[in-house]
Amino acid sequence: MFIHIEDYLDDALPPAERAAFEEELRRDPELAQMVALVRQARKHLVRQWAGEPTEAALVDTLRHIGKDYFQGAAAVPAAKVRAVFFQRLALAAAAVLALLVAAWLFFLRPPQHERLYARYKALPEASFAVRSAEGAGLSDEAAQAFNRRRYKEALAALEEHLRRDPEDAEARYFAGLCLLELRRFSEARAAFEQIARVPAWTDEARWYTALSYLREGNFSECRRLLEQLPPESVRYGQARQLLEALKP
Amino acid sequence: MDPKPHPEHRYVVALLENDHRTIREIYQRYAAQVKQLVCANSGTPDDARDLFQEALLLIARQARDKGLVLSCPFGAYLYVLCRRKWLNELKRRQRSEVTIREAEPYKGNSDAEALADAALEEDARRQLFQHYFNKLSKSCRTLIQLSWSGISMQEVAEQLGYTYAYARKRKSECIAQLTQWIQASPLFKVLKQE
């Protein structure tokens with residue numbers, strides 16, 4: 001049914017078929033409703049995609065300017081602590097807290113490259129449901145393992161699938177992400193390099209290759225790759241932000 | 001005859017054109033009011049910043065997609081939008097009825113209320129489609145996005161390494177999944193059809 005609906009909306013039906021389809025639309029309100037829904041979905045999504053680059057630039061501006069106007073919490077008046085005992089207790093607690101914060105800063109706080117990686121990685125959610133229903137062989141267990149951050153398990157399932165179907169770019173993309181999470185950087189990059197040749201995956205492959213260098217602490221290589229992302233890339237806005245954050 | 005836009009329509013144009021200087025003026029004039037609204041109603045300055053930013057993005061989208069023509073002061077429209085959005089956010093957080101304490105600076109501005117209603121309904125619709133589209137597998141999303149971006153199915157199939165017949169069949173399954181989710185969504189039933 002959807003093949004027909006799409007052909008109709010693309011104006012790709014021959015005149016006789018088009019007339020027949022329109023006749024069916026008049027008779028079948030359910031079909032008419034479905035055509036209206038697909039038409040709406042197309043309109044909204046296409047509009048959204050078309051507006052993304054300019055919207056990303058506007059978001060950058062708003063973030064940048066917003067910082068100047070919404071700084072700091074409005075001072076919350078502290079409750080007056082009357083008893084000296086409580087004042088001292090509070091001071092002691094603050095001192096302990098300060099020590100803990102200092103210890104965290106010096107010993108436990110993740111290094112800058114890990115913090116930036118965590119902020120920018122935004123791993124996608126895996127969902128292979130439609131594919132497994134088609135019998136493409138990639139089980140939804142791989143997706144579930146990935147979404148639950150069980151990367152070793154997800155990687156094993158993905159690699160097994162890739163042995164059978166080495167051309168599956170989506171599976172290789174998620175395998176690359178697993179490798180990146182497992183800190184197996186050069187293998188992750190090799191996976192991304194393979195899918196970068198498929199136009200639909202080029203952007204993602206480049207972006208996560210850059211993030212692999214970031215996580216490794218190789219800022220200069222990360223910067224070099226980010227700078228190569230073209231403005232039409234969906235990752236361009238994030239790349240510019242990350243470049244800003246990486247400025248010495 | 002088209003209605004004459006309000007003189008402050010220039011702020012809408014500034015958002016469309018990403019005009020930094022005028023956008024800064026928007027923050028200068030209206031940020032404090034929204035910060036006060038949010039901070040007096042269980043929010044933080046960070047919440048206020050995000051809310052303000054989302055409302056401005058929404059206005060920009062309304063201008064870009066729906067040809068918004070401002071018929072009331074920009075501040076009134078922006079404030080009513082922020083107020084409604086914040087009320088929704090508080091409801092979401094508390095999962096119960098909430099009221100807002102405020103000085104109600106733009107109470108009774110029916111133009112601002114009507115514009116805000118239209119914008120929020122449009123935004124809900126946009127989010128509905130976006131949400132379920134994002135739920136699709138990456139390959140479905142790529143396939144749909146490529147084919148709806150105006151290139152032929154033959155080219156789409158070549159780009160993705162599929163046969164033409166498989167690409168068509170696959171696209172049909174992906175769209176079936178998308179529409180099934182959308183139709184089952186409670187929000188879809190609430191939103192008026194366009």
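**View 1. Chain A, from its N terminus on, runs α-α-α-α-α-α-α-α-α-α-α-α-α.** The model shown here and in the other views is predicted. Chain A holds 13 helices and zero strands. It has 248 residues, of which 27% count as buried. Among contacts in chain A with a separation of 6 or more, 41% join residues 24 or more positions apart.

**View 2. Chain B meets chain A through 54 residues of chain B and 41 residues of chain A.** On the side of chain B that touches chain A, the elements giving two or more residues are α2 (20-39), α3 (45-66), α5 (110-135), α6 (138-148), α7 (153-160) and α8 (164-184) of chain B. Sorted by class, this side of chain B comprises 23 nonpolar, 16 polar and 15 charged residues.

**View 3. Helix α1 (residues 9-17) of chain B packs against α3(B), with the two axes coming within 9 Å.** From α1(B), the residues that make the contact are B:V12, B:L15 and B:L16. From α3(B), they are B:L56, B:I59, B:A60, B:A63 and B:R64. By class, seven residues in the contact of α1(B) with α3(B) are nonpolar, none is polar and one is charged. Helix α3 (45-66) of chain B is also one of the elements that give two or more residues to the side touching chain A.

Note on methods: Residues numbered from 1 in each chain as written. Chains lettered and ligands numbered in written order. Predicted model: local features only at pLDDT ≥ 70, side-chain atom pairs only at ≥ 80, totals over all residues. Contact = placed C-beta atoms within 7 Å. Helix = DSSP H or I, 4+ residues; strand = E, 2+ residues; numbered from the N terminus. Nonpolar A, V, L, I, M, F, W, Y, C, P; charged D, E, K, R; others polar. Buried ≥ 20, exposed ≤ 12 C-beta atoms within 10 Å, placed from the backbone. Axes fitted to C-alpha atoms, helices over the stretch in contact; angles between N-to-C directions.
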